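Dear colleague,

Please find below the structure that I am handing over to you, with its sequence. My notes on what was found in it follow directly after.

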Amino acid sequence: MLVPQLIAKLPEVKGAVVSDRAGGVIDVVRQKDGESVAAVIGFLSSTVSEAGDHLGLGALHMVSFTGPARGGVVAVAGAQLVAAFVEPPGSLASVEKLLAAAIARKEA
Amino acid sequence: MEGILQGLLDLSGVGAAIVFDATGQLVDYRGRAIYDRPLCEQVSGTLNRAVDTVRLQQEDWESITAQFADGKLLLQNLAAPGARGHVLAVIADATLNASFATVAIRVATNKLRRAIEGRPADSAVAGSAAEVPAGRQPGNGSRAAGSGSQPLPSDSAALASSGVSWSKSSAVGLSRVAVANPASAAFLSRCAKQLARHVGPIAKIYVEEAVRRVSPDAPFSLAVATQLVDELASQVEDSADRAELLKALENP
């Protein structure tokens with residue numbers, strides 16, 4: 001799986017998980033308890049997609065969240081979800097861009 | 001709180017600003033006609049589930065951003081880091097200026113925190129759509145109404161006599177669309193919501209333009225509902241989607 005290996009090269013990325021949309025784990029890089037993380041990101045993307053459907057916002061591309069010390073991003077890559085956890089949270093934007101670009105290349 | 005949310009709604013691209021509490025109950029909102037109270041109540045519950053899910057991964061979350069093909073959802077934690085409390089949600093289309101929105105949401109967050117400190121954390125109060133007076137919001141029979149929703153009053157003579165404005169302002173500065181009575185306003189909201197399932201947030205603009213075509217010289221009324229639905233259906237390219245829209249709007 002190229003995308004998690006790519007983002008895991010970044011020192012700011014402390015861990016990455018790839019799952020299917022149902023929350024089944026596919027790949028884990030430097031992340032403890034990858035199976036539970038996969039389940040969480042699967043449910044999160046499903047719930048946010050549901051909200052987007054209600055609001056007429058179209059297909060979900062990415063969900064990111066930040067806190068005082070760290071942040072995370074979940075990107076939709078076809079039938080898969082790619083999550084990366086980032087420290088410090090200020091680096092999240094650059095990781096989002098890298099993820100989006102990597103997914104776009106993969107889907108092209 | 002309404003003034004703070006209205007400030008967010010005035011940002012270009014913002015369709016609604018919502019505050020919900022830790023139980024997912026809608027506390028207050030301001031929104032364009034397409035985002036009426038029943039929809040905001042429903043979405044508040046869904047977004048609260050999303051927030052609870054993020055908490056599993058990051059208990060001290062401060063903000064959540066969801067990017068969609070046709071817009072964005074921006075959530076801001078109004079409680080102290082790690083604590084459960086109110087959440088601000090901003091719904092925007094693709095024209096949102098992210099830099100302006102970040103600043104505006106930060107300002108609104110500070111104001112909302114101060115406003116919330118003055119009221120119980122679990123209080124659910126009536127919000128208002130920008131277009132329709134409080135307590136007169138159009139209903140939507142297809143959605144499960146939350147505990148705070150207001151049924152459409154059967155006696156609507158006061159509004160019917162003067163004609164109400166369905167839309168106070170539009171995202172692209174179009175003129176107001178007048179309606180003959182509350183039932184007509186409710187139908188337009190329903191049209192916008194159903195059409196949005198197929199064309200996205202631009203649905204409201206399509207509805208406004210269609211109303212002006214089918215009822216150019218008089219407030220919109222249900223008498224021209226069939227023509228309006230036909231006009232809207234012509235905006236949907238996919239035949240299956242078009243049929244679904246026609247079915248959803250077959251009973252004005």
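**Findings**

From the N terminus on, the elements of chain A run α-β-β-α-β-β-β-α, which amounts to three helices and five strands. Helices (H or I, at least four residues) and strands (E, at least two) are DSSP runs, numbered from the N terminus. This is a predicted model, in which local features need pLDDT of at least 70 and side-chain atom pairs count only at pLDDT 80 or more, while totals for chains, interfaces and linings use all residues. Residues are numbered from 1 along each chain as its sequence is written, and chains are lettered from A and ligands numbered from 1 in the order in which they are written.

Of the 108 residues in chain A, 47% are buried; a residue is buried if 20 or more other C-beta atoms lie within 10 Å of its own, exposed if 12 or fewer, and partly exposed in between, with C-beta atoms placed from the backbone. Among contacts in chain A between residues at least 6 apart in sequence, 42% join residues at least 24 apart. Two residues are in contact if their C-beta atoms, placed from the backbone, lie within 7 Å.

An open sheet of 10 strands has the order 2(A)-1(A)-5(A)-4(A)-3(A)-3(B)-4(B)-5(B)-1(B)-2(B), and its pairing is antiparallel. Two strands pair if DSSP finds at least two bridges between them. The edges are formed by strand 2 (25–29) of chain A and strand 2 (26–31) of chain B, each with a single partner strand, so one side of each is left without a neighbour in the sheet. On average, neighbouring strands of this sheet are turned by 10° against each other, direction ignored.

Where the chains meet, six bridges join strand 3 of chain A to strand 3 (residues 63–68) of chain B, and the two run antiparallel. A:Met62 stands opposite B:Gln67, and A:Val63 stands opposite B:Ala66. B:Gln67 also has B:Lys72 as its bridge partner in strand 4 of chain B. Strand 3 and strand 4 of chain B form a hairpin with two residues between them, joined by five bridges. Strand 3 of chain B is mostly covered, five of its six residues being buried.

**The contact between the chains**

The contact takes 26 residues from chain A and 32 residues from chain B. On the side of chain A that touches chain B, helix 2 (34–55) and strand 3 (60–66) each supply at least two residues, and helix 2 gives the most, with 11 residues. The residues of this side divide into 14 nonpolar, 10 polar and two charged. Here Ala, Val, Leu, Ile, Met, Phe, Trp, Tyr, Cys and Pro count as nonpolar, Asp, Glu, Lys and Arg as charged, and the others, Gly among them, as polar.

**A helix pair in chain B**

Helix 5 (residues 182–199) and helix 6 (residues 203–214) of chain B pack at an angle of about 130°, with their axes 8 Å apart. Axes are lines fitted to C-alpha atoms, for helices over the stretch in contact, and angles run from 0 to 180 degrees between N-to-C directions. The two helices are therefore oblique to each other (angles under 35 degrees count as roughly parallel, over 145 as roughly antiparallel, 65 to 115 as roughly perpendicular and the rest as oblique). Residues of this helix contact include B:Leu188 and B:Leu195 of helix 5 and B:Tyr206 and B:Val211 of helix 6. They divide into 10 nonpolar, no polar and one charged.

With kind regards
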